[in-house]
Amino acid sequence: MSSPDRTEHPLFAPLVLVGGLIFGFGLAYSQMARPEVVLDFLQFEDFGLVFVMFGAAIVTGIAFFLVPRIRDRAPMTGDAYERRLKSFDRNVLIGGSIFGVGWGLSGICPGAAYASLGIGNVTILWALVGMFAGAYLQGVWRSRSQDTDATAASAD
Amino acid sequence: MLADLSPLLSATDLAPLAIPTEPFPNGISRYAIGGLFVGLGAVLIYLGTGIIAGASTFLESTLSYVSDQSRFAKYRYDRDWRVVFTVGIVLGAAVYAVLWQGGAWMTDVQPWRLLLGGVLVGIGTRIGKGCTSGHGVCGVGSASKTSIVGVITFLAVAIVTAQVVAALGVSP
């Protein structure tokens, strides 16, 4: 978990904003902000999405491989450069399956939904309202089971 | 750059699981170039901060502004910059819309599909520890076995779901 003062570097917020700008531009340019294009992929009518996901993963993969070998810690936060490694348990399969049904039904995922708003698609607010409602539901449910469950060993 | 959406109108005529004669009817450059930008945006934030940003944690971190649930409270220190990241995503897409798209674009996918799908995406991404950007881009880029299993799971389920929905005649 992060410390409260970690984000106080004066360039932290501007860097995150510019990173988000490039990220969102890429989602729009790759047409992922259009649910129709994602549904075309899932229905095997246009396999372009493979190039988006793996194109992006290759770029991050190179950075996650090289940067920790050059420097130990990030200049703005002092955080160690690490890879994104999460523990595996059955939640990955359960959550992934629920996510898959939702993604296959709607053609939209969180990042693409924010970008979709940016390309003027106000109809996507239906999906955004749904995502917040879903995140809230699981949060209430898991907060309750966590609080009653004395075992504080949170998996993530 | 405006996508020609007319093939969508004939999509229901196709049998499910039919292999298309042309796997990339819109070429690959828009997908590959867009994907490179997505990766570069994540890498820029990583270089400066060491943070590996996914898109879906924003949902829970933002809920911590209005809810005291313990699940959301743990994201309190992260919630401000995640709002900045998401505002960046919206603005970056808006730059594309102004410069390439020539104005607003609206989906024809029915609201009930977006709403119900959104609820399931919101539940699933938080239980499953990541979404298409967290698992799909950053996790796969980290060669994380958890993320690779996660991606295979949600891709397979999404493909089956979309094929079944299309076979039931739901369009768009």
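Residues are numbered from 1 along each chain as its sequence is written, and chains are lettered from A, with ligands numbered from 1, in the order in which they are written. Since the model is predicted, local features need pLDDT of at least 70 and side-chain atom pairs count only at pLDDT 80 or more, whereas totals for chains, interfaces and linings use all residues.

Chain A contains 6 helices and 0 strands, where helices (H or I, at least four residues) and strands (E, at least two) are DSSP runs numbered from the N terminus. Along the sequence, the pattern of chain A is α-α-α-α-α-α, and the C-alpha atoms of this chain fill a box of roughly 45 × 45 × 30 Å along the principal axes. Of the 156 residues of chain A, 54% are buried; a residue is called buried if 20 or more other C-beta atoms lie within 10 Å of its own, exposed if 12 or fewer do, and partly exposed in between, with C-beta atoms placed from the backbone. Among contacts in chain A between residues at least 6 apart in sequence, 49% join residues at least 24 apart, a contact being a pair of residues whose C-beta atoms, placed from the backbone, lie within 7 Å.

Chain B contains 8 helices and 0 strands, and buried residues make up 52% of its 172 residues. Helix α8(B), which covers residues 145–167, has 23 residues and spans 33 Å from its first C-alpha to its last, close to the 33 Å expected at 1.5 Å a residue, where the expected span is 1.5 Å times one less than the number of residues. Just after α8(B), Gly169(B) adopts a positive phi of about 85 degrees. In the segment after α8 of chain B lies Pro172(B), and the peptide bond that leads from Ser171(B) to Pro172(B) is cis, with omega near 0 degrees.

The contact between the chains takes 121 residues from chain B and 115 residues from chain A. On the side of chain B that touches chain A, the largest share, 20 residues, comes from α2(B). By class, this side of chain B has 73 nonpolar, 38 polar and 10 charged residues, where Ala, Val, Leu, Ile, Met, Phe, Trp, Tyr, Cys and Pro count as nonpolar, Asp, Glu, Lys and Arg as charged, and the others, Gly among them, as polar.

Helix α5 of chain A (residues 110–118) and α5(B) have axes that come within 7 Å and cross at roughly 50 degrees. The contact involves residues including Tyr114(A) and Leu117(A) of α5(A), and Ile89(B) and Val90(B) of α5(B). By class, the contact of α5(A) with α5(B) has 9 nonpolar, 4 polar and no charged residues.

Ala143(B), found in the loop between α7 and α8 of chain B, has a positive phi of about 55 degrees although it is not a glycine, and Ala143(B) counts as partly exposed because it has 15 C-beta neighbours inside 10 Å.

Key
Two residues are in contact if their C-beta atoms, placed from the backbone, lie within 7 Å. Axes are lines fitted to C-alpha atoms, for helices over the stretch in contact, and angles run from 0 to 180 degrees between N-to-C directions.
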